[in-house]
Amino acid sequence: MPAPAPALLRAALDASSEAIVLCSAADHTVLLVNGAAMLLVPGLEPGVPAAGAPLAALARATAEGSLGFEEEHEGRHLRGERRPLDAGHYAWYLRDVTEEVRRTAQFDSERARTAFLAEAGRRLSASLHTRRVLRTTVELAASHLADLAVVVLPPRRRQSEWMRLATGGDLDEGTLRDRLLSEVPGLEEALAGFPPIPSRWLDASQVPAWLLPGDFGPVGALLVTPLPGAAEPAGALILARRGPDAVFTPEDEMLARIFAARAGSAISAAALYREQVETTAILQADLLPPELPQPDGVELVGSYQAARDELRVGGDFYDVFGPTATSAETIVVLGDVCGKGAEAAVLTGKIRQTLRALRLVEDDPATMLKVLNTALLGGGRQHRFVTLVVGSIGRAEHGRVRLQLATGGHPVPLILRTDGTVEAVPVKGTLVGVVPDISVHPATVELAPGETCLFYSDGLIEARGGATGQEQWGEQRLRDALASCRDMPGDAAVERVRQLVSDWVHGGVRDDIAMLAVRAPARTRLRSMETGGLPVSPFAIDARRGERRNRTR
């Protein structure tokens, strides 16, 4: 078959949409350039050495014997591939891959933005601690969005908190007066929640020196973006890039706005959580068991364990009300309201405050229970009742302590006598807050020196554990535990009982447990002018009185 004519070969190559450059393998001279190659590389003509072609990448690849190249040429991204044709010829196939490279760059950029936002969402949602969220915000922004990131919180009491981080620098934080906010272009508007001002409208040269670290240098581009919160602005994010050629592209600004929305939500959630924690702490402070006073001649010891450790308060409680102007008695109370958790704690607070006010005009335990019952029934809420033990503490003769007790549907207190026996106080009564007329049968008992009366909630005897994990601790185990506390101080006895029931439960679910011990001290300390104010026993006082009577006779 005859070879195609040169004119026909040239026509076929010019008809191809792919740029082709035919070269001699002997001296690398360009023999033929088709129409597509001439359009792609103007000035590339036959007869010149390929190593001197106007396309630098082609010339370099030819000189180095390379089989391909990829390089930008006059605003276009070109890719070349060398293919041998026969022993004396080879061809360069050139392609304009500008759009392909642009789309790849866009895809990589979008993938990087997506990865950044995913990382931001994960890290910002990892904590509800306000300072940690602020630190995460400036760390992410300084790593991905700008050379400097500053978060400014809305002013409170004419002061704004801020946190700042420059790329490769140290974290800084502090406060600034609200009058300084106007010195940063767009900052007041951002803190007020207005839409962000495009960076091209902000004069970066107006940035005050106090906003930047000392070694940051001149700012080339500035962007101020609001941090949207749940119901109000959470603050503002200031981004700065150094250098005279620095800019924020529209894509950069859009990414910053999306990031700011996520950061603002995280900061707002952390601030709300902090506010709730502070409010809870204030409310809990008044609901926690009080610090017990120590009336003269009486030892009081309390113990409280909430069913949920994180709540710290619950439905079991105890309280002590000291003497008043009209009564020298000390009133002790231990109770258990229906329900658990926060709802029970609220009712506990109401009952304690009602009893505290009632104590000012009444010291009879039975009467206090009946008045409290009337108050609960008039509260307007149904199925809110409480079991309660109220005791009035007074002094009796020979160092003994007198207890007048009344109960409303509560487990009766137990008394540990000096001989180690345990007996129940003979009191009974109906639930408080259920029916209009309650039945209360009070009793009065006395504690000799060294004897203890233990008030407790039903969570103590109903604690489940043991070998099966479901067996109740029960009153008999409580009696045995209390009997083993003979001759112990009150705090040691209460701690021993608490430890025994904790061992029984061994980490299982438990109810609220409250205990209150009233103990007559084992020795009554008296003071005498004859001893110079030193404590002496009553036996020594009696002996000295006898000696005085003998001398008088």
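**Entry 1: the sheet**

I began with strands β16 (residues 414-416) and β21 (residues 452-456), which pair in the antiparallel sense over 3 bridges. I worked on a predicted model, where local features need pLDDT of at least 70, side-chain atom pairs count only at pLDDT 80 or more, and totals for chains, interfaces and linings use all residues. Residues are numbered from 1 along each chain as its sequence is written, and side-chain values use heavy atoms, with hydrogens and water left out.

My terms for pairing: two strands pair if DSSP finds at least two bridges between them. Strands (E, at least two residues) and helices (H or I, at least four) are DSSP runs, numbered from the N terminus. In general, strands of a sheet pair through backbone hydrogen bonds, either parallel or antiparallel.

I looked up L416 and found its bridge partner in β21 to be T452.

Next I traced the whole sheet. It is open, has 5 strands, and runs in the order β11-β24-β21-β16-β17 with antiparallel pairing. The edges are β11 (299-305) and β17 (422-424), each pairing on one side only. From one strand to the next, the twist averages 20°. Angles here run from 0 to 180 degrees between N-to-C directions, and axes are lines fitted to C-alpha atoms, for helices over the stretch in contact.

**Entry 2: helices on the sheet**

Which strands does helix α11 lie across? I found α11 (residues 474-483) across β16, β17 and β21, running at about 25° to β16. Helix α12 (residues 490-505) also packs on the sheet and touches β11 and β24 (513-519). The direction of α12 makes about 20° with that of β11. Contact means heavy atoms within 4.5 Å.

I then checked the two helices against each other. The axes of α11 and α12 come within 9 Å and cross at roughly 140°. The pair is therefore oblique; angles under 35 degrees count as roughly parallel, over 145 as roughly antiparallel, 65 to 115 as roughly perpendicular, and the rest as oblique. From α11, the contact uses R477, L478 and A481; from α12, R496, V497, L500 and W504.

**Entry 3: salt bridges**

I noted 28 salt bridges in the structure. The test is a side-chain nitrogen of Lys or Arg within 4 Å of a carboxyl oxygen of Asp or Glu.

I looked at R79 and E100, whose side chains meet in a salt bridge (3.8 Å, N to O). R79 is in strand β4 (residues 76-86) and E100 in helix α4 (residues 98-124), 21 residues apart, so the pair links distant parts of the chain. R79 is partly exposed at 26% relative accessibility, and E100 is partly exposed at 31%. Buried means under 20% relative accessible area, exposed over 50%, and partly exposed in between (1.4 Å probe, protein chains only).

D252 and R241 came next, at 3.1 Å, N to O. Because D252 lies in helix α7 (residues 250-287) and R241 in strand β10 (residues 235-242), the pair ties together parts that are 11 residues apart in sequence. Is R241 buried or exposed? R241 counts as buried, at 17%. D252 is partly exposed, at 24%.

Last, I returned to α12. E495 forms a salt bridge with R498, the closest N and O atoms being 2.7 Å apart. The two are 3 residues apart in helix α12, so about one helical turn separates them. E495 is partly exposed, at 37% relative accessibility.
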